[in-house]
Amino acid sequence: MSLSQIAKSISGSPTLALNEKAAILREKGAPVIHLGGGEPKSRAPLDAILAAVQNLNTGEVRYVSPDGIPALKKAIIRYTEEFYNRKVAPQNVIASSGAKQAIMVALQTILNPQEEVIYPAPYWVSYPDMAKLCGAIGVPVYAEDGSFYPTIRDIEQRVGSYTKAVILNSPNNPSGARYSEEFISNVVQFCEKRDIYLIMDDIYHRLIYDGRKPINCYDYAKDFSENSKLIVVNGVSKQYAMTGFRVGWAVASKKIIQAMTNIQGHQTGGSSVVLQLAAAGAINGIQSSVENLRVTLENNRNVLVSLLRSFNGVKVTNPDGTFYCFADFSYYEKSSQKLSEFLIDKVQVLTVPGIEFGMEGYLRVSFCGAIKDIQDGIERMKWALDPNSPNELYIGDRKLVRDWS
Ligand SMILES: Cc1ncc(COP(=O)(O)O)c(C=O)c1O
């Protein structure tokens, strides 16, 4: 069959494939523990549900404008004022089907074939394929000191004549690293100076720990004119536990937003009005669920990190935010793909191989699930990996026997 070059160059989302694998194993009755997830398990805010139900009850659910309904734009404008101390107009805002679509449409708006978009590694799995979908090239930037915290020098060294854009995701999926204010400020100013687009993927910005506050990129920007190339992306998926609602947004200059609207108008025609109303409900509603989620996640992180630190061979960097820990398991197995498969096959614990995020030898272990799952999952992993562990492990009344060394 003759498929397009682009179709042939794109691989399926590895995290979605893992979810499917876990679901199939579960259907067969396997006691799977999913430590590979990318979504909080709490309920969506009541304000979101009520807004959606009210609209559904009218029985008249129609097309709306592709850049988002006024009620959601208004909520995003208020959100931008509250968290970014920045007043924007409705023409500076586009609502999309998730932050994912907002980033994709932004890239389609700014990238020409063969141009480059650079992002620090480890990086979110979708960035390289999104670049490919534009016929462009994704370029990961590795911190020279091997950490999860690149410096402005690391970025500068990868910028060349083909560089069109930088994406920063802080706190970062998968490392949990929240880049320093100094680093973000340097990147904002560097991009302005070099006339490079900067996409701030802020989807986890409120899910940060140890008393840290979200970083506001606008604090470091100087150019607030129509020529500004700063695009800030956010959404309801993570902070409000509304992944399935598929609502995210971008805030940028009117010119950029108009171009993004033109593209989005031919793609999906925008996010469903029902779900946009739900997102507006969440943003305008009682905010306690965000803080409750943040506190739960911080506690989960503490438990997970202390359990991982009890392994002889695991190197752990404490995540500053998100709900992922990106730990170095290379002592046990250099290939993260092999290690991840070994863990699902032998002890039915699902983790995501680091290679998918551009770093071999690591596993991404999520702490967005139940604390009991984190404890049991890590216990099983330790049993599987530690050669000194007993020969047998009980999972309920199932007996696992080591047949490997
Ligand atoms: C770094 C990052 N950006 C964007 C997204 C997309 O979020 P949404 O569900 O709003 O499309 C995700 C989701 O996992 C993510 O991890």
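Colleague: Where is A75 found?
Modeller: A75 is found in helix α4, residues 70-84. Helices here are DSSP runs of H or I with at least four residues, strands are runs of E with at least two, and both are numbered from the N terminus. This is a predicted model: local features need pLDDT of at least 70, side-chain atom pairs count only at pLDDT 80 or more, and totals for chains, interfaces and linings use all residues. Residues are numbered from 1 along each chain as its sequence is written.

Colleague: Is A75 buried or exposed?
Modeller: A75 is buried, because 25 other C-beta atoms lie within 10 Å. The cut-offs are 20 or more other C-beta atoms within 10 Å for buried, 12 or fewer for exposed, and partly exposed in between, with C-beta atoms placed from the backbone.

Colleague: And what does A75 touch?
Modeller: Leaving out residues up to four places away in sequence, A75 touches A280, I283 and N284. Contact means that the C-beta atoms of two residues, placed from the backbone, lie within 7 Å.

Colleague: Different topic. Which domains does the chain have?
Modeller: The domain assignment gives domain 1 (5-43 + 288-401) and domain 2 (47-284). Such bounds come from an automatic or database domain assignment. Taken over C-alpha atoms, the centres of domain 1 and domain 2 are separated by 27 Å.

Colleague: How many residues are in contact between them?
Modeller: 33 residues of domain 1 are in contact with 31 residues of domain 2. On the side of domain 1 that touches domain 2, α1 (5-9), α2 (14-27), α11 (288-309) and β9 (324-328) each supply at least two residues.

Colleague: Which residues have the most contacts inside the largest nonpolar core?
Modeller: A250 and A279, in a core of 119 residues. Domain 1 and domain 2 both give residues to this core, so it lies between them. A nonpolar core is a set of buried Ala, Val, Leu, Ile, Met, Phe, Trp, Tyr and Cys residues joined through C-beta atoms within 7 Å.

Colleague: What does A279 touch?
Modeller: A48, L72, V236, M242, F245 and V247, again not counting residues up to four places away in sequence.

Colleague: Now the ligand. Which residues come nearest?
Modeller: G98, A99, K100, G235 and S237, of the 13 residues around the ligand. To be near, a residue needs its C-beta atom, placed from the backbone, within 6 Å. Helix α5 (residues 98-110) gives the largest share of the shell, 3 residues. The shell divides into 3 nonpolar, 8 polar and 2 charged residues.

Colleague: Last one. Where is I355 found?
Modeller: I355 is found in the loop between β11 (352-353) and β12 (362-366). With 17 other C-beta atoms within 10 Å, I355 is partly exposed. Not counting residues up to four places away in sequence, I355 touches S336, Q337 and E360.

Terms used:
Ala, Val, Leu, Ile, Met, Phe, Trp, Tyr, Cys and Pro count as nonpolar, Asp, Glu, Lys and Arg as charged, and the others, Gly among them, as polar.
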